[in-house]
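Thank you all for coming.

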Amino acid sequence: MTESLIQAYSNSPRRQKLQIIGGIFMAIVIAAVMLILYLVISSRVVFMGRQLQQAKSDIDQLVYLSVNYQNKIDRLSRFEIMEQRAIEMGFRPPYPGEVFYVPVAGIDDEQQVVVVFQEDNPAAVINVDLPDYHQSLIEWVGDRLRVFLRPFRGL
Amino acid sequence: MNEKISYNWRYISIAVMFTLFGVAILAQMVRIQLTVNSNELPVPVLLGQWEKAASRRGLILDRNGHVLAGNQTVYAVDVNFEDYGRSGEIEEVKMLAELAIESFEINNHYLLGFLQQEPRPLERNITVENFASQADLLGFLDRVERYYAGLPLEQASEEQQESEVSMYEASTDLVDCSDYVRISCTPHLIRSYPEDKLASNVIGFVMRDTNEGQLGIEEKFDATLFGNDRTWWAFWDPHQADLAPDPDHGANIVLTIDSVLQADVEDILDQSIDKTGAVAGSVIVMDPRSGEILAMASSPRADINRYWDGEYYEIINNLENVFNYAIKAYEPGSVVKVLTMAAALDAGVVEPNTEFIDEGQIEIGGVTIKNWNEEAWGPQDMTSCLQNSLNVCLAWVATELESEQFYNYLQDFGLGQMTGIELSGEAPGLVKSYWSSDYTRSELGTNAFGQGIEITPIQMVKAVSAIANGGEMVAPRIIHSVIDDGYSYTPPKTVVGHPISAETAETLTEMLRQSLQNESSLALVPGYSLAGKTGTAEIYIPSLGYKSSATNTSFIGWGPTDDPQFLVYVWISKPSASIWGSEIAAPVFRKVVEKVVIHQGIPPDAVRLALQE
């Protein structure tokens, strides 16, 4: 009796229509969610890509700028300019007879070449290792789920 | 009823709109399929532009880290002459063209013709200047702004103009042209030489258009300095942003040159050339223990920032195609007597006190060889033969050695062979083989005092390093180290042979020390024991033969003789004040040594020996 009532209830034309409509809506909602997810991921990738392009451009600009500063320093410390400054300050080159040599204990008088130049910071080299940039959709959903479920797991 | 009709009309309208929209989309799809060539359509993922990343050419530094060759940011300036259909456009582009011509001093005939063409062609981006400096570009933009604002284009006074130029030159910020509708500027890097002419003959230069190194270090190490070409297709598609290559700057090169000493030596050389009326010259200062070149001066020099300028272009592209005289081959004259005597002493055919009766001439292979003053000098020992620079005596010494032994020694000393110094354009020189068909025995006599052979100053420095350095011959080198990606490579000292024994080297050094002292040479520096030898060589002129009024004067010397720390070679070509090496090259040697001992911290012998005790 109960079974026949349930069957009659579920097979009623109105219920059947509702099921179909509900199914369609469910499919639309799932498709929309998937679409939104796809758009979110794809926009994030585009955003990261744009950031990367901007970073590369910024690096180029910084190189141009640093070269400008380096060139300015090089020009200001030219031999001719430094010599002129020294002369203005009252210095002049010494002659061999004017030099006094004083032995200092512990100081090696051997002329050692010291290369004072230091290589620039190699930070200008970009290492493309942004996890978000290479993450697949499934990995991203998994990540988000783990974050979402963390409080429920008591972590 | 009426209300229902009204509703139907609205439904029908919406349906018609959607239908039309759909039909339009379908029609467009059909049209594209039927009429447009798919190959001509842009592929979105492939869209992009050619970009040149800021790849920096490696620096060239002296041994103390002072920059001799760096980089500079310049701009490629494009002006858009496109027709936008606005009124007054013709006048606008005409004025922009005129301002560009004045600001960048355009003298390229093709570009000038285009910019001054009437009627004005309204074309898209035209590059009006490819290497605009910061100051020139700012000046141009300032004038463009004045034009658009209706202000007078010229400044009120020269002082104001000068202050603006110095302000532009002081500016280091990058110039942004994005506010200008018709002007765009793209920064890029070019070579810059802050010291202008200093060591220009050693460094060489970089061609602006091709970005290729020419001459000297720039050519020899072009690939090392350049790094990788970073011109690449930059995709606009952000999904492909990571395909852009990483910046790859060129390696930096540290030279063994001391730029302060180099400047002093260049000054001394220039003054000597001016004073003596010579046409060219070269001075090399080397540490004979390591082979490191401390200074390599050559004259004339050029401002390599402006290598294309007429005056400098002629210096670089001279008839003999020689920019660095330190690596050019020439007949050196009597400085070769040092090597002849070294060979004879080492072979044991003579000793310092071997007596030779100088009769003023000697015949070898049918040719009569005479002394420089064409006189007979009577009894001489080997030291006085060197001291008086007697051709007859040294020719006799060579005959005592005989051809095979003499030329084997010259070969061991590396004469007529490239030294391998890291400079582009080194000449090999010419020393004939004694078994070659065009060799005559008379050449044994003339070669013994440095005529009839061609060698370079750097070869001579290498050969004499064996005498200064106790028999050990070192390869001269001008590269101290190469630095790339934080890693440094320093080439080691290279011993390239032991052409003579340590005893021979010591004996000959003492003979040359004595001969300098005895003749009260102009090369002597008080307080320092020096060994050395002058050289005077007649220059062969094809139509006139050897003409004694045109000579190459040279001097080679080293010191302190008991602990050699410097070896100096001087060559002054075609002086008019005197033809003798003892009067022209020897004083240059002295002046150079006076600088070297101070720069290298070499005390006078008495002080040095006292300190050693």
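Predicted model: local features only at pLDDT ≥ 70, side-chain atom pairs only at ≥ 80, totals over all residues.

Residues are numbered from 1 along each chain as its sequence is written, and chains are lettered from A and ligands numbered from 1 in the order in which they are written.

For chain B, the assignment gives domain 1 (81-181) and domain 2 (259-612), and the centres of these two domains, taken over C-alpha atoms, are 56 Å apart. The C-alpha trace of chain B spans about 145 × 60 × 55 Å along its principal axes. Chain B holds 19 helices and 22 strands, where helices (H or I, at least four residues) and strands (E, at least two) are DSSP runs numbered from the N terminus.

How much of chain B is buried? Of its 613 residues, 46% are buried, a word that requires 20 or more other C-beta atoms within 10 Å of the residue's own, whereas exposed requires 12 or fewer and partly exposed lies in between, with C-beta atoms placed from the backbone. In chain A, by contrast, 7% of the 155 residues count as buried, and that chain has five helices and zero strands.

Turning to where the chains meet, 48 residues of chain B are in contact with 41 residues of chain A, contact being defined as C-beta atoms, placed from the backbone, that lie within 7 Å. Several elements of chain B each supply at least two residues of that side, among them strand S5 (183-192), helix H9 (259-276) and helix H18 (581-599), and the largest share, five residues, comes from S3(B).

Finally, some backbone details. The peptide bond from B:Ser299 to B:Pro300 is cis, with omega near 5°, and B:Pro300 sits in the loop between strand S11 (293-299) and helix H10 (310-316) of chain B. B:Glu105, although not a glycine, has a positive phi near 50°; this residue lies in the loop between helix H2 (89-103) and helix H3 (109-115) of chain B, and B:Glu105 counts as exposed because 9 other C-beta atoms lie within 10 Å.

Definitions and conventions: Domains from an automatic or database assignment. Contact = placed C-beta atoms within 7 Å.
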